[in-house]
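Please read these points with the model open.

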Amino acid sequence: MSTTPSFGFGYFAYFCNAVALPLCPIVEDSIEPECYSRNIEVAGLLIFEPATLVIHVVALVMTGIMIYHIRNKYTAVVSGLMPPSLRPAYDFVVAGQIAMTMATIWCLLLNGFVGFQWAEDGTPMSLWSIRISSLLIFGIIYFISIATFRNMFGLSSSSPIALFIVYFTFGAAFLLIYVLLQVVLVINTLEDRWPLGDILFAFAFFVIGQILAFLSSKQICELAKHYIDGLFFSTVCTLLAVMMVYKYWDSITKEDLEFSVGGKTADWNIKDPVLGDDAMNQFAGGRQGNQPQGEEYPLQPMDRH
């Protein structure tokens with residue numbers, strides 16, 4: 001009778017015993033989740049975690065919609081043993097997935113500092129510093145992942161401590177720092193407190209998702225008769241967290257904070273202008289709009305030169 005692995009810092013056995021992470025067949029190939037959703041076969045193709053796959057497709061669509069709105073305003077899960085013929089390619093795919101995840105979290109963290117005006121938003125300095133550093137993070141994590149999977153440069157898949165640190169410890173620290181920065185930013189800069197609820201909801205959704213994945217997956221799987229597991233709800237919660245981060249960003253960028261003084265917003269809509277249209281045109285240089293037809297103003301000496 002197999003026993004549930006206990007949590008050990010630097011090892012993925014505890015997490016792989018709960019849910020099927022993409023890296024589990026590489027670093028913990030002898031451990032499978034105690035309970036996971038059933039697979040389906042479509043036209044000879046075996047699909048793992050079909051319910052979670054549907055949520056991933058929905059997440060891609062929602063991400064595309066959010067990116068589209070941002071630009072307008074400004075800018076497969078596998079469990080079990082891997083066939084030997086696919087193992088080399090699988091290593092590179094999983095390393096890319098881990099590196100992309102960490103680079104995205106790093107980019108989010110840097111965007112959290114933008115509100116503190118370390119560099120003016122939208123300038124080449126702020127944009128390229130985020131792009132270059134995110135690319136650097138991607139390269140470093142990709143190298144650590146591949147070196148761990150292939151047992152190179154002193155790293156080992158049987159003792160993936162370095163990968164564990166960058167994947168869980170650094171990832172959690174980056175997200176926590178980002179949330180704290182946004183709380184400070186809203187409290188000290190904005191008069192409106194609604195964005196604070198958006199960012200706290202995002203953090204709550206993410207934490208709940210991790211709890212459902214790593215602590216309650218077995219119970220969910222058994223109650224759902226193996227149709228879904230904790231990974232399904234974890235993916236849903238992660239999607240909701242991302243959507244709330246987008247909602248938070250949207251709520252704090254309704255106006256340019258450069259024109260806000262003391263945290264008070266500036267309203268530039270003219271409800272009842274003192275000057276009429278003709279007077280405004282004259283002020284802007286269109287003095288002919290107020291002149292009677294055929295009447296001309298004499299030129300001043302300065303105008304003749």
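1. The largest nonpolar core has 50 residues, and those with the most contacts inside it are Phe12, Leu23, Ile98, Phe149 and Phe214. A nonpolar core here is a set of buried Ala, Val, Leu, Ile, Met, Phe, Trp, Tyr and Cys residues joined through side-chain atoms within 4.5 Å. Buried means under 20% relative accessible area, exposed over 50%, and partly exposed in between (1.4 Å probe, protein chains only).

2. Two or more residues of this core come from each of helices H1 (13-18), H2 (24-27), H4 (87-114), H5 (124-149), H6 (161-189), H7 (194-214) and H9 (230-252). H6 gives the most, with 13 residues. Helices (H or I, at least four residues) are DSSP runs numbered from the N terminus.

3. The model is predicted: local features need pLDDT of at least 70 and side-chain atom pairs count only at pLDDT 80 or more, while totals for chains, interfaces and linings use all residues. Residues are numbered from 1 along each chain as its sequence is written, and side-chain values use heavy atoms, with hydrogens and water left out.

4. Leaving aside neighbours within four places in sequence, Leu23 is in contact with Phe12, Val94, Ile98, Phe149 and Tyr167. Contact means heavy atoms within 4.5 Å.

5. Thr148 is found in helix H5. Is Thr148 buried or exposed? Its relative accessibility is 1%, so Thr148 counts as buried. A polar atom of the Thr148 side chain lies 2.7 Å from the backbone oxygen of Ile144. Apart from neighbours within four places in sequence, Thr148 is in contact with Leu155, Ser156, Ser157, Pro160 and Leu163.

6. The structure holds 18 aromatic pairs. Rings of Phe, Tyr and Trp (its six-membered ring) pair if their centres lie within 6.5 Å; planes under 30 degrees apart count as stacked, over 60 as edge-to-face and the rest as tilted. One of the pairs is Phe12 with Phe164, edge-to-face at 5.5 Å centre to centre and 65° between the planes. Phe12 counts as buried at 0% relative accessibility, and Phe164 counts as buried at 3%.

7. Phe15 and Phe214 are also an edge-to-face pair, because their ring centres are 5.0 Å apart and their planes are at 85°. Phe15 and Phe214 are both buried. One aromatic cluster is formed by Phe9, Phe12, Tyr14, Phe15, Phe164, Tyr167, Phe168 and Phe214.

8. The charged end of Arg131 sits over the ring of Trp128, 4.8 Å from the ring centre. The criterion is NZ of Lys or CZ of Arg within 6 Å of the ring centre and within 35 degrees of the ring normal.

Key. Polar contact = N/O pair within 3.5 Å; in protein donor to acceptor, adjacent residues only side chain to side chain.
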